[in-house]
Amino acid sequence: MANATKPYSVAIDLGSGALKSFNKKVEVKLRDLRGFFYDRGAVDAAVYGLKNPTVYEYFENSQPSARGQMNFGVTTLNPGKVGSEYYMTRGHYHAKKRAAEIYVGLGGKGIVVMQTKEGRFFHSPISRGRIVYIPPLWAHRTVNTGEEKLSFFYAYASDAGHDYGTIRRKGFAKLVVEKGGRPKIIDNPKYSP
Ligand code: F6R
Ligand code: ZN
């Protein structure tokens, strides 16, 4: 039952972003992202050359999936690139239509790209002290455009669900790439709306 969870609190180290306790840890390695980066050949070469590095991890306080409950945690995204595309999360739509999310930047710098199925696109910087509001129906992906680890706190409805398949099949409308030493947001030539 949704209201069976007891209240509790958890310490977070705001300097490093380390959450003192969590009940779910997910580690995503480069090979897991093969279907998400633009240049699959570059992914294969990097997986081989760099021995399949960890791209990001998230540490979560996960509640039962029930209406009214929330999950929260911290994502840490390493710096790096595949070809000219910066390291990023897979990105997803929430499976449930009425599920917003909040990100709070803790360290590093990057960009949160967001899009809707109707073709709207938005991007926001994320860094220590910046809050990003992701409304319902907006897919979201975080990109590390800096040279340090990017970390952010997140909170969302525990019954939101994650639709990764749509992004895996269709991609994101825009890519975040390095051009002339700076991040640039370009149209994704492979995007199918
Ligand atoms: C949860 C959420 C974040 C991401 C995390 C990893 O709804 O948006 O906690 O789950 O940053 O990204 P994905 O889930 O896209 O691999
Ligand atoms: Zn989400």
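By class, which residues make up the lining of the largest cavity? The lining comprises seven nonpolar, eight polar and three charged residues. The legends below concern a predicted model, in which local features need pLDDT of at least 70, side-chain atom pairs count only at pLDDT 80 or more, and totals for chains, interfaces and linings use all residues. Residues are numbered from 1 along each chain as its sequence is written, chains are lettered from A and ligands numbered from 1 in the order in which they are written, and side-chain values use heavy atoms, with hydrogens and water left out.

**View 1. The largest cavity.** The structure holds two cavities of 30 Å³ or more, and the largest contains about 220 Å³ of space. Its lining numbers 18 residues, with Tyr58, Thr75, His92, Tyr103 and Tyr164 closest to the centre. At least two lining residues come from each of strands S2 (54-61), S7, S11 (139-144) and S12 (150-157). A cavity is a set of points on a 1 Å grid over the protein atoms alone where a 1.4 Å probe fits but cannot get out, and lining residues have an atom within 4 Å of a point. A volume is the space filled by probe spheres set on the points, which are joined across faces, edges and corners. Strands (E, at least two residues) and helices (H or I, at least four) are DSSP runs, numbered from the N terminus.

**View 2. The second largest cavity.** This cavity has a volume of about 30 Å³. Tyr93, His94, Ala99, Pro135, Pro136, Leu137, Trp138 and Ala139 line the second largest cavity. Seven of these residues are nonpolar, one is polar and none is charged, where Ala, Val, Leu, Ile, Met, Phe, Trp, Tyr, Cys and Pro count as nonpolar, Asp, Glu, Lys and Arg as charged, and the others, Gly among them, as polar.

**View 3. The largest pocket.** A pocket is an open set of grid points with protein on both sides within 12 Å along at least five of seven lines. The largest has a volume of about 240 Å³. Among its 13 lining residues, Tyr86, Lys109, Thr145, Gly146 and Pro183 lie nearest the centre. Strand S8 (residues 109-115) supplies the largest share of this lining, three residues.

View 4. Gly35 lies in the loop between strand S1 (24-29) and helix H1 (40-49). The C-alpha atoms of Gly35 and Arg169 are separated by 8.1 Å, although the two residues are 134 residues apart along the chain.
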